[in-house]
Structures are given as structure tokens and as C-alpha cells.
Amino acid sequence: MQATDHANQNATLHNDPQSADFLPLLGTDYIELYVGNAKQAAHYYKTAFGFQSLAYAGPETGVKDRVSYVLIQNKMRLMLTSAIHSDSPITEHHKKHGDGVKVLALWVDDAYDAFEQTTKRGAKPYLQPSTVNDANGEVRTSGIHLYGDVAHLFVERKNYKGVFMPGFVEWKSDYNPVPAGLLYVDHCVANVGWDQMNPWVKFYEDVMGFRNILSFDDNDISTEYSALMSKVMSNGNGYVKFPINEPAEGKKKSQVEEYLEFYEGEGVQHIAIATKDIVATVRDLMSRGVEFLKVPSSYYEDLLDRVGTIEEDLEPLKELGILVDRDDEGYLLQLFTKPVQDRPTMFFEIIQRKGAKSFGKGNFKALFEAIEREQAMRGNL
Ligand code: FE2
């Protein structure tokens with residue numbers, strides 16, 4: 001960088017492709033949920049979603065205040081944590097939010113540098129850089145605060161050969177349901193409060209070096225009753241994408257407002273997981289008891305007129321309620337689960353990309369009408 005015109009350089013920091021490299025990310029490392037009963041939640045995610053047992057930490061391994069079960073399916077790791085005493089921040093978190101995402105952990109090459117780069121740009125420290133060791137090597141971690149009570153952890157594991165990280169033991173189980181074809185985290189969506197989307201867009205630009213790759217306003221995402229706005233943030237190599245939603249004015253309560261009310265704050269709305277065969281994956285998940293949102297069968301009447309030719313047969317898509325959308329680069333197939341806990345808060349998306357890099361804008365209206373039918377049944381519309 002040249003020494004001239006610092007003010008201008010700072011103003012355009014987020015548009016400079018070189019400065020986007022200050023936080024190189026290798027992907028999502030794991031997602032941690034704080035839940036009411038980690039043992040039972042782990043059983044649910046194994047049974048219903050096909051996750052496999054990977055690692056465990058708790059009193060037996062020297063951790064006195066909590067238990068954590070780590071599950072894996074292909075490249076996706078899910079950690080489920082519960083406190084074992086009432087006097088715990090985990091208990092407080094669960095009391096306030098119910099089950100929900102606490103940590104979005106990002107895989108980095110240098111966790112100390114990730115902390116330095118983000119905190120010097122304004123991130124609030126969540127976890128000071130630290131190194132933990134065991135016989136399998138070392139893992140270095142650090143963390144910063146996000147919206148609501150969510151945090152990003154930076155995990156550096158290049159000098160570690162163990163099953164997960166020091167402090168955890170391998171979790172061997174006699175109960176091993178087959179995987180469901182879930183591959184990796186495609187994107188994770190945040191719900192933030194009124195007028196909070198742009199400040200968090202700026203956070204991801206300035207503090208994390210992300211770019212805003214797509215925007216939707218309330219004209220794109222509205223039904224007769226409710227609306228939301230969304231901007232999609234992506235890191236430099238596109239491995240990590242975080243769309244950020246905020247509610248918008250409508251005749252009735254937006255689905256984002258319902259989330260904020262029941263989560264009692266901002267948080268992760270949905271986790272999208274990639275599959276390479278959505279028909280097989282969704283059929284499998286349904287047979288395991290995963291509940292999905294249903295669009296009316298009229299959605300399929302003019303589908304091919306909207307999206308053009310697709311490789312899949314229409315019948316199984318219609319039977320399973322799978323949605324299709326196209327952008328300039330290809331198409332995608334997607335489907336959304338109902339909330340996976342008692343509160344109408346977090347849910348999952350199953351997505352298969354066939355060239356498309358977008359998020360299913362063409363499905364928003366049909367989808368949100370389906371969500372509103374559910375909201376109305378809960379008396380929250
Ligand atoms: Fe999504």
C-alpha cells in the first residue's frame with residue numbers, strides 16, 4: 001500500500017481484493033449448539049439426520065461444568081453442549097434462548113493472527129488466543145463476539161492428529177445409524193433486529209474482510225402479510241457465507257420478528273447443508289422423521305416455465321416438496337425443515353447446487369407463504 005491518502009484507503013478497505021486476504025478462512029470448522037439435554041439432542045441428530053459419533057467431553061474427561069457431544073457427517077461437525085449445573089452461563093443461555101447456535105467456528109491457518117486482525121479492526125474479544133495440547137499435538141483457538149450471544153471461534157488444527165481437539169476423547173457408540181448424504185455447511189443465516197442488517201454487513205466487511213455478494217429488499221422478499229430484507233456476506237474464497245436478515249414492515253408479523261421474539265434476541269436462523277442428491281437425502285430424512293415445510297402442489301404447475309430444463313424428474317420433486325430456482329450460473333434445489341426445537345426458531349435447509357451460487361430468491365414467496373401458514377397455526381402471524 002502507498003503511504004498517500006490514508007483516509008481514502010480506509011474508506012475503500014472492503015473493496016480492495018488484497019485486503020480481503022487479511023482473514024483467510026479454510027471453511028467452517030464446527031457449529032456448536034447450546035441445548036437443554038445434549039445427550040438426547042445427540043441421539044436426535046444421529047437418528048434423524050444421520051450424524052455419526054465423533055468426540056465427547058464431560059466430567060469423565062476432566063470438564064466439570066458441561067458435557068459436549070461432537071457429531072460428524074462428511075465435512076460437517078456439530079457440537080451439542082449442555083450445562084450440568086444451574087449456576088452456569090450455558091444454563092442462562094438456554095433459559096433465555098432455548099436450543100440454539102452459540103458458536104460458528106471457522107477453520108483457519110493461524111488462530112492468533114485471526115484474533116489480532118479482527119480485534120484490531122473492532123471485533124470484541126470472546127476468547128483470547130490460547131493453545132491446548134495432548135498426545136496428538138496442539139490446537140490453537142481464539143474467538144470474537146457476533147450479533148446476539150453468538151460467537152465466531154477461530155480454530156487452527158494443522159499441528160493436530162487427534163479425533164477432534166484436546167480435552168475431547170473419541171466417542172465410540174454401539175448405535176451408528178447410516179449417514180443421510182449431508183456433506184458440508186453451505187451457508188448459515190443470521191436474524192438480526194430492526195435496522196441492524198447494515199451494521200452487521202459493515203462488521204463483516206470491515207472486521208472480517210467479507211464482501212456483500214447479494215442483496216434482497218422487501219420487494220423481493222414479501223408476501224401479502226410479511227416481509228424481510230437480507231444481504232449475503234461471503235469471505236474472499238467463497239468457502240464461508242453468512243446471509244443476514246432483518247424484519248421489514250408488512251401487514252402482519254414478519255417471520256424474522258417471530259424468531260426474535262421467541263429466541264429473545266438475535267441469532268442463527270438456519271444452517272444450510274449441502275447434498276449431492278437431494279431427492280435421496282430428503283426421502284431418507286423424511287423416513288427418519290425430519291419434518292419439512294410444504295409448498296402447495298400448484299408450485300409445480302409452472303415450475304419448468306420458471307426455471308427451464310432440469311436434469312431431475314419432476315415427480316419426485318413434487319412428491320417430496322423440493323424447491324428449484326435458477327440464476328445466471330445454473331440452478332439449485334432446496335428444502336427447509338420445520339424448526340427443530342420447541343420454540344419457532346432455528347431450522348435447517350438442505351441444498352443441492354447445480355451451478356447456481358445464489359440462495360433461491362425465486363422460492364422466497366412460495367416458501368414464506370408456507371412459513372406463514374405455520375406461523376398462523378402457532379397464533380403468531
Ligand atoms: Fe438458506
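Which residue is the bridge partner of Y56 in β9? The partner is V169. This is a predicted model, in which local features need pLDDT of at least 70 and side-chain atom pairs count only at pLDDT 80 or more, while totals for chains, interfaces and linings use all residues. Residues are numbered from 1 along each chain as its sequence is written, and side-chain values use heavy atoms, with hydrogens and water left out.

Strand β2 (residues 52-57) pairs with β9 in the antiparallel sense over two bridges. Strands here are DSSP runs of E, at least two residues, numbered from the N terminus, and two strands pair if DSSP finds at least two bridges between them. β2 and β9 end the order β6-β7-β8-β5-β1-β4-β3-β2-β9, an open sheet of nine strands with mixed pairing. β6 (125-134) and β9 (169-170) each have a single partner strand, so one side of each lacks a neighbour in the sheet.

The iron ion is coordinated by H187 (NE2), H270 (NE2) and E349 (OE) at 2.0 to 2.2 Å. Donors are N, O and S atoms within 2.8 Å of the metal (3.2 Å for Na, K and Ca); water is not among the atoms, so sites may look incomplete. In sequence, the spacing of the donor residues is H-x82-H-x78-E. H187 lies in strand β10 (residues 185-191) and H270 in strand β14 (residues 267-274), 83 residues apart. H187 is buried, with a relative accessible area of 3%, and H270 is buried at 8%; buried means under 20% relative accessible area (1.4 Å probe, protein chains only).

Note on methods: Helix = DSSP H or I, 4+ residues; strand = E, 2+ residues; numbered from the N terminus. Buried < 20%, exposed > 50% of the residue type's maximum accessible area, 1.4 Å probe, protein only.
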